[in-house]
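Colleague: I would like to learn how to read a few features of a protein model, step by step. Could you take me through one example?

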Amino acid sequence: MSRRSSRALVGGLVAAACSGHVLYPAWLAWASRRVPGDPVPMPDPSPWPAVTVLIPAYREAGVIAAKVEDVRANGYPGRLEVVVVADGDHETAVAADRAGARVLARPDRLGKSQALNLGFSEADTPFVVISDANNWLAPGGIAALIRHFHDPSIGAVVGAKVEEDGGGESMYWRFESWLKQREAGLGTTIGVVGEFTAFRAEAWRPIPSDVATDDLWAALDLSERKWRIGYESEARAVDAPVQSLSDQWERRTRIVADALYVFVRRRHELGPSGGLVAAEVWGHRLGRYIVSPPAHVALLGLAASHLRTSRLARLFLIGHLVGVWGLFRTPPAGRWWRPPVVLAGQVLFLQGVALGGLVRYLRGDRRTMWTKADR
C-alpha cells in the first residue's frame with residue numbers, strides 16, 4: 001500500500017472512530033450556533049394542570065416510600081397523583097400503598113415497558129411524568145417540565161440525568177445533557193430517559209410487548225407522528241453512585257442490544273426522509289454503536305502492526321493503557337491529570353460496550369425483563 005493510501009485509510013478510520021463522540025457533537029455545535037445559550041423562560045400555566053407521576057417498580061420495596069415522599073415534596077403547584085406500578089412485586093406494592101401512593105399491581109411481572117403501558121392506561125390527567133424509583137428529583141423539576149407544554153407541538157419533555165459518582169459516569173451524563181439541549185434547540189431531541197420525562201398523555205401510544213427500551217421507542221414513535229421533544233436542564237433526576245463495572249457492563253450492553261432491535265424495527269425513520277431525527281439517530285446513537293467501535297478496533301490493529309516503526313502508533317497504544325488504568329482505578333481527586341484519564345477510560349468503556357451490545361444483538365440475546373437486586 002502506498003503512503004498516500006495508507007494515510008487515507010488511517011484518516012478514514014480516525015473519522016469513523018470519532019463519528020459519535022467528536023464529529024457529531026462538532027456538527028451539532030455548528031448547526032445550533034445561533035440557538036441562545038440561555039433558553040427563554042417558559043411561562044407558568046394558569047391554572048396548573050393535573051399531573052400523574054408514574055413510577056414503574058420491581059424489587060424496590062426498600063426505596064419506594066422515600067421516592068413517593070420525594071415526588072410529593074417536589075413543589076408542583078397543581079394537583080399531583082403518584083402512581084406506582086408494582087410489577088409482579090407484592091412487597092413493593094405494600095410499601096407504596098403505606099406511603100400513600102395509588103398502586104397498580106399485577107400478580108405476574110410485566111416488564112418495564114408494559115408496566116408503563118398499564119400506568120398510562122389508568123392515568124386520567126393530561127400530562128404524565130415517568131420517573132424511576134431509585135433516584136431523587138431536584139426541587140421544582142416537575143413544574144419545570146410541565147411549563148414546556150404551553151407549546152402545542154411538544155409531545156414530551158426530557159429532564160437531565162445526574163450521576164453522583166463524580167467520575168466517568170458523571171462526565172458521560174453531562175455530555176449527554178449537552179447533546180440533548182443542543183438537539184432540542186434545533187427542534188427536537190431523541191434523548192428520552194426513563195429517569196425523568198414528562199409526556200402529553202394524548203401523545204402516548206402503547207409500546208409493543210417485544211420492546212424493552214421504552215424510552216427510545218417512545219422518542220422515535222413521537223417523532224414519527226411529528227411531535228417535538230423538548231429538554232429542560234432544571235428538571236434533574238439524581239442517581240446514586242454507579243454500581244460495579246461488571247454491573248454497568250451488563251446493563252449497558254443490554255441497552256445497546258435492545259436499541260439496535262428498536263432501530264431495525266423502526267428503520268423507516270433512519271433514511272433521508274427522516275430529516276433531523278434521522279441525523280440525530282445516526283449521530284447520537286448509531287455512530288457510536290456500529291460505526292465508531294469497529295473503526296477503533298481496526299486502528300488498534302494498525303497501531304500494533306506498526307509498533308516498532310511508528311512513534312504515533314506507540315503513543316496511541318500507551319494512551320489506551322492509560323485509559324484502561326483510569327477505568328479500573330479512578331485517579332485521586334484534585335490531580336490535574338484526573339479528568340483526561342477518566343475521560344479516556346470512559347471512552348474505551350463505551351466503545352467496548354457498543355461492541356458487546358452488537359454481539360448480544362447478533363446472538364439474539366435480548367430480554368424484555370431482566371434480573372435485578374433488591375433495593
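Colleague: At what angle do helix H2 and helix H7 pack, and how far apart are their axes?

Modeller: Before the case itself, please note that this is a predicted model, in which local features need pLDDT of at least 70 and side-chain atom pairs count only at pLDDT 80 or more, while totals for chains, interfaces and linings use all residues. Residues are numbered from 1 along each chain as its sequence is written, and side-chain values use heavy atoms, with hydrogens and water left out. Helices (H or I, at least four residues) and strands (E, at least two) are DSSP runs, numbered from the N terminus. Axes are lines fitted to C-alpha atoms, for helices over the stretch in contact, and angles run from 0 to 180 degrees between N-to-C directions. Here H2 (residues 19-31) and H7 (residues 168-186) pack at an angle of about 40 degrees, and their axes are 10 Å apart. That makes H2 oblique to H7, given that angles under 35 degrees count as roughly parallel, over 145 as roughly antiparallel, 65 to 115 as roughly perpendicular and the rest as oblique.

Colleague: Which residues make the contact between H2 and H7?

Modeller: Contact means heavy atoms within 4.5 Å. From H2 the contributors include Tyr 24, Trp 27 and Leu 28, and from H7 they include Phe 175, Trp 178 and Arg 182.

Colleague: Is Ser 19 buried or exposed, and what does Ser 19 touch?

Modeller: Buried means under 20% relative accessible area, exposed over 50%, and partly exposed in between (1.4 Å probe, protein chains only). Ser 19, which has its place in helix H2, is buried because its relative accessible area is 16%. Leaving aside residues up to four places away in sequence, Ser 19 touches Tyr 24, Gly 287, Val 291 and Ser 292.

Colleague: Which residues does a cis peptide bond join?

Modeller: The cis peptide bond joins Ser 46 and Pro 47, with omega at about 0 degrees, and Pro 47 lies in the loop between H2 and S1.
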